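Here is a short briefing to read alongside the sequence and the 3D view. Take a look at the structure first, then work through the points below.

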Amino acid sequence: MRKLLAIWMGKALTILGKIIGKKSSSSPGHYALKICPNLVGELGKCVSKGIIVTCGTNGKTTTNNLMASALESKGYKVICNKLGANMLSGIATTLLQEMSVFGRLKADYACLEIDEAYTPIVFDYVKPDVMVVTNLFRDQLDRYGEIDITSDIIKRAIKKVPNLKLVLNGDDPLCVQFGHAENARAFYYGISEKVLPQLNDTKEGRFCPVCGEEQHYNYYHYSQLGDFYCPHCGFKRPEIDFDVRNVSLDSPMKFTVNGQPMEINYKGFYNIYNLIAVYGALDVIGESTDDFAGLLTGYKPQIGRMQEYNMGKPVILSLSKNPAGFNQAIATVNTDKRKKDVIIAINDKANDGRDVSWLWDVDFDKIADENLNMLTTTGIRVYDISLRFKYSDVTVDYMTNDMAEAVKRCLKTDSEVVYVLVNYTALYSTEAVLKKLGGEA
């Protein structure tokens with residue numbers, strides 16, 4: 001009876017939230033769990049083929065939703081927290097919204113994105129078959145602390161699931177360490193060739209997770225990702241099970257996975273990692289990958305994942321919430337050789353992390369390429385980001401607290417494209433502005 005009461009109340013709160021314009025992705029589950037604390041534990045009874053969970057600093061929403069889209073393309077019923085509500089309450093909301101009013105639900109698979117800090121809590125209720133870890137970077141220092149704290153949390157979670165299959169980024173030494181868990185079997189994906197210029201990028205996890213000495217690289221892709229090895233203890237990039245080669249970053253992107261040609265119409269080198277994580281997880285759980293590229297043709301990116309709006313000229317919205325994410329967003333912007341305006345918005349609300357010292361770890365100087373027309377800064381911490389550009393000798397052309405004004409100014413210039421790079425809490429308000437100004441995604 002407690003379960004039914006929780007579902008009914010959760011469904012009522014979902015309806016009420018939609019009436020008043022809320023996404024209702026988390027709060028219905030929060031209150032439902034107060035009535036039925038074991039609600040999420042019902043998930044295993046609802047799924048017949050398997051549960052796949054995805055965590056990591058960057059790319060988990062894209063990877064998780066790509067996974068669900070690929071499985072749905074095969075005709076399966078999939079439970080997925082597509083809006084990215086990735087704590088226990090968000091998973092509970094997803095479950096109760098999918099259930100009938102009698103608490104019934106039958107699905108083939110569940111694809112769940114999980115916040116790294118919540119993995120041990122969720123794994124008390126959900127025992128996944130496959131766990132994907134995309135990467136580990138410094139993120140929200142006032143919430144997570146340094147990377148080794150996050151690593152320890154994930155290790156505790158892995159120990160709670162017997163016979164767990166891990167799909168790990170083999171180019172990230174911080175992910176590779178999880179493959180040493182005694183109760184798990186690890187599979188690795190990676191990009192096995194030098195693709196990007198070997199610049200002096202910030203290697204956040206450059207110290208060996210085994211012995212603590214500084215690692216060396218035969219080549220690297222960005223941050224600490226690449227062909228790494230420790231000359232002191234022998235820890236190194238493992239044998240890769242899902243191996244990417246022959247990469248072309250032209251549009252559409254092309255590469256091969258284990259010799260299988262792929263042509264994908266996504267922006268950003270980092271998206272190759274998201275795609276091969278999905279490829280690896282599907283293979284590990286026993287699904288065919290013969291028509292992998294075809295399975296993803298119907299996928300629509302979530303808000304802010306290099307999402308393009310037609311506003312007379314393209315306006316491209318990108319969520320970038322930490323140094324690694326911003327560096328990759330800037331790299332993607334710079335591959336676009338059109339004349340461009342760039343808007344950068346930085347907030348410091350609770351969900352962003354109050355500590356914005358991470359701005360000094362971003363290579364903002366690299367945004368000043370020859371095709372940059374106008375640079376605008378905005379957001380709650382507009383002065384912090386503008387000061388950061390001053391110290392990089394990059395001229396900020398315009399500062400404002402009004403995103404609508406920033407976009408309108410860019411639409412009036414002779415640029416060919418506008419990029420809007422925002423951190424987390426600036427994302428949805430920026431989406432609302434673009435839609436209000438007539439933008440169509």
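Leaving aside its neighbours within four places in sequence, which residues is Gln328 in contact with? In this predicted model, the partners are Tyr222, Phe269 and Tyr270.

**Gln328 and its setting**
- Gln328 sits in helix α12, which spans residues 323-335.
- With a relative accessible area of 6%, Gln328 is buried.

**Helix α14**
- Helix α14 runs over residues 403-411, and its buried residues are Met403, Ala404, Ala406, Val407 and Cys410.
- These residues lie on the same side of α14, because the arc they cover around the axis is only 160°.
- As a reminder, an α-helix has 3.6 residues a turn, so residues three or four places apart point the same way.
- At the N-terminal end, Asp402 caps α14, with a side-chain oxygen 3.0 Å from the backbone nitrogen of Ala404.

**Cysteines**
- If you are wondering about disulfides, the structure holds zero.
- For Cys55, the closest cysteine sulfur belongs to Cys175 and is 8.1 Å away, so it is too far for a bond.
- Cys55 is buried, at 2% relative accessible area.
- The sulfur of Cys230 has its closest cysteine sulfur in Cys211, at 3.5 Å, which is also too far for a bond, because a disulfide needs the two sulfur atoms within 2.5 Å.
- Cys230 is buried too, with a relative accessible area of 4%.

Definitions and conventions:
Residues are numbered from 1 along each chain as its sequence is written. This is a predicted model: local features need pLDDT of at least 70, side-chain atom pairs count only at pLDDT 80 or more; totals for chains, interfaces and linings use all residues. Side-chain values use heavy atoms; hydrogens and water are left out. Buried means under 20% relative accessible area, exposed over 50%, partly exposed in between (1.4 Å probe, protein chains only). Helices (H or I, at least four residues) and strands (E, at least two) are DSSP runs, numbered from the N terminus. The arc is that of the directions from the helix axis to the C-beta atoms. A polar contact is a pair of N or O atoms within 3.5 Å; within protein, one must be able to donate a hydrogen and the other to accept it, and residues adjacent in sequence count only if both atoms are side-chain atoms. Contact means heavy atoms within 4.5 Å.
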